[in-house]
Amino acid sequence: MTQRVCFTLRVRPERLDEYRRRHAAVWPDMLRALAETGWSNYSLFLDDDGLLVGYFETEDYQAALDGMAEREVNARWQAEMAPFFENTGGAAADESFNVIAEVFHLEDQLAAVDGEGASK
């Protein structure tokens with residue numbers, strides 16, 4: 001079953017433009033590492049106040065994190081990105097996600113309703 005993961009971080013206001021530039025052209029080996037370790041449909045959204053919202057889908061959230069933790073490219077990327085974030089306590093951004101609980105998913109509820117309707 002696919003897990004949908006949503007998380008937040010906070011980008012330092014003075015680094016917003018550079019953060020956007022860096023993510024307009026992520027290193028190809030980083031992109032491949034994410035795909036190979038189970039991160040799919042991955043998006044980042046950045047508000048002008050620095051609120052960063054990330055979303056991705058995976059078969060196993062912990063395995064996806066662990067897989068990236070084993071990749072040398074991720075260590076380099078996290079080291080370069082660390083100065084962009086607030087309130088991580090010195091941890092890498094991918095170790096500091098504020099994961100948000102999912103409370104609604106349209107397709108899940110439609111499937112449940114359609115399943116009930118089919119049995120009535």
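A salt bridge here is a side-chain nitrogen of Lys or Arg within 4 Å of a carboxyl oxygen of Asp or Glu. With that in hand, take arginine 20 and aspartate 48, whose side chains meet in one, at 3.1 Å from N to O. This is a predicted model, where local features need pLDDT of at least 70, side-chain atom pairs count only at pLDDT 80 or more, and totals for chains, interfaces and linings use all residues. Residues are numbered from 1 along each chain as its sequence is written, and side-chain values use heavy atoms, with hydrogens and water left out. Helices (H or I, at least four residues) and strands (E, at least two) are DSSP runs, numbered from the N terminus.

**Salt bridges**

- Side chains of opposite charge can pair when their charged atoms come close.
- The structure holds eleven of these salt bridges.
- Back to the opening pair: arginine 20 sits in helix H1 (residues 16–24), while aspartate 48 is in the loop between strand E2 (40–46) and strand E3 (51–58), so the two link distant parts of the chain, 28 residues apart.
- For accessibility, buried means under 20% relative accessible area, exposed over 50%, and partly exposed in between (1.4 Å probe, protein chains only).
- On that scale arginine 20 is partly exposed at 33%, whereas aspartate 48 is exposed at 62%.
- Arginine 76 and aspartate 29 also meet in a salt bridge, at 3.0 Å from N to O.
- Since arginine 76 lies in helix H4 (residues 72–81) and aspartate 29 in helix H2 (residues 28–36), the pair ties together parts that are 47 residues apart in sequence.
- Both ends are partly exposed, with arginine 76 at 35% and aspartate 29 at 32%.
- Glutamate 102 has arginine 4 as a salt-bridge partner, and their closest N and O atoms are 2.9 Å apart.
- Glutamate 102 lies in the loop between strand E5 (98–100) and helix H5 (106–119), and arginine 4 in strand E1 (residues 3–11), so this contact ties together parts that are 98 residues apart in sequence.
- Here too the residues are partly exposed: glutamate 102 has a relative accessible area of 41%, and arginine 4 comes in at 22%.
- There's a network as well, with salt bridges linking Arg15, Glu18, Arg22 and Glu80.

**Strand pairing around E1**

- Two strands pair if DSSP finds at least two bridges between them.
- E1 pairs with E3 in the antiparallel sense, over eight bridges; in this pairing threonine 8 stands opposite valine 53 of E3.
- E1 and E5 are antiparallel too, with three bridges between them, and phenylalanine 7 has valine 99 in E5 as its bridge partner.
- Strand E4 (residues 85–86) runs antiparallel to E1 and is joined to E1 by two bridges; arginine 10 is partnered there by glutamate 86.

**Positive phi angles**

- Asparagine 41 isn't a glycine, yet has a positive phi of about 50°; this residue lies in strand E2.
- Asparagine 87, also not a glycine, has a positive phi of about 60°.
- You'll find asparagine 87 in the loop between E4 and E5, where the residue counts as exposed at 74% relative accessibility.

**Aromatic contacts**

- Rings of Phe, Tyr and Trp (its six-membered ring) pair if their centres lie within 6.5 Å; planes under 30 degrees apart count as stacked, over 60 as edge-to-face and the rest as tilted.
- A search of the whole structure turns up eleven aromatic pairs.
- In one of them, tyrosine 19 and phenylalanine 84 have ring centres 5.8 Å apart and planes at 65°, so the pair is edge-to-face.
- Tyrosine 19 and phenylalanine 84 are both buried.
- Phenylalanine 56 and tyrosine 61 make a tilted pair, at 6.1 Å centre to centre with 35° between the planes.
- Both of those are buried, phenylalanine 56 at 0% relative accessibility and tyrosine 61 at 19%.
- One aromatic cluster takes in Phe7, Trp39, Tyr42, Phe56, Tyr61 and Phe97.

**A charge over a ring**

- A charge sits over a ring if NZ of Lys or CZ of Arg is within 6 Å of the ring centre and within 35 degrees of the ring normal.
- Arginine 15 lies over the face of phenylalanine 84, at 4.1 Å from the ring centre.
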